[in-house]
Amino acid sequence: MMVFAAYRTDAWLSYASRDLLGLYTTQELAIQRIEKETELSEDDKWNLINLGQTQCRQDEDENFVIELTEIDVDL
């Protein structure tokens, strides 16, 4: 099963700064969760849908990432 993991990160999108916001069955639900944390511009939404991350957010010191992640899988 695939889920969308939503993260809050620093302005540089570093892995060390990632804070997991939740796991969601759709990308839209992940975006709705991020919108509870911050106001997203249309550019931010486009970037999340098409690039999987926000970037170059004016007057913000944090970004957000959405990654498609497989669960229920043996390693």
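The radius of gyration is taken here over C-alpha atoms, and the globule rule against which it is judged is 2.2 Å times the number of residues to the power 0.38. The structure is a predicted model, in which local features need pLDDT of at least 70 and side-chain atom pairs count only at pLDDT 80 or more, whereas totals for chains, interfaces and linings use all residues. Residues are numbered from 1 along each chain as its sequence is written, and side-chain values use heavy atoms, with hydrogens and water left out.

For a compact globule of 75 residues the rule gives a radius of gyration near 11 Å, and the protein, at 12 Å, agrees with this. Along the principal axes, its C-alpha atoms fill a box of roughly 40 × 25 × 20 Å. Two helices and three strands make up the secondary structure, with helices (H or I, at least four residues) and strands (E, at least two) taken as DSSP runs numbered from the N terminus; their order along the sequence is β-β-α-α-β. Among contacts (heavy atoms within 4.5 Å) with a separation of 6 or more, 46% are accounted for by residues 24 or more positions apart.

Of the 75 residues, 35% count as buried, where buried means under 20% relative accessible area, exposed over 50% and partly exposed in between, with a 1.4 Å probe and protein chains only. K36, placed in the loop between α1 (27-35) and α2 (42-51), counts as exposed because its relative accessibility is 69%. The C-alpha atom of K36 is separated by 15 Å from that of L23, the two residues being 13 apart along the chain.
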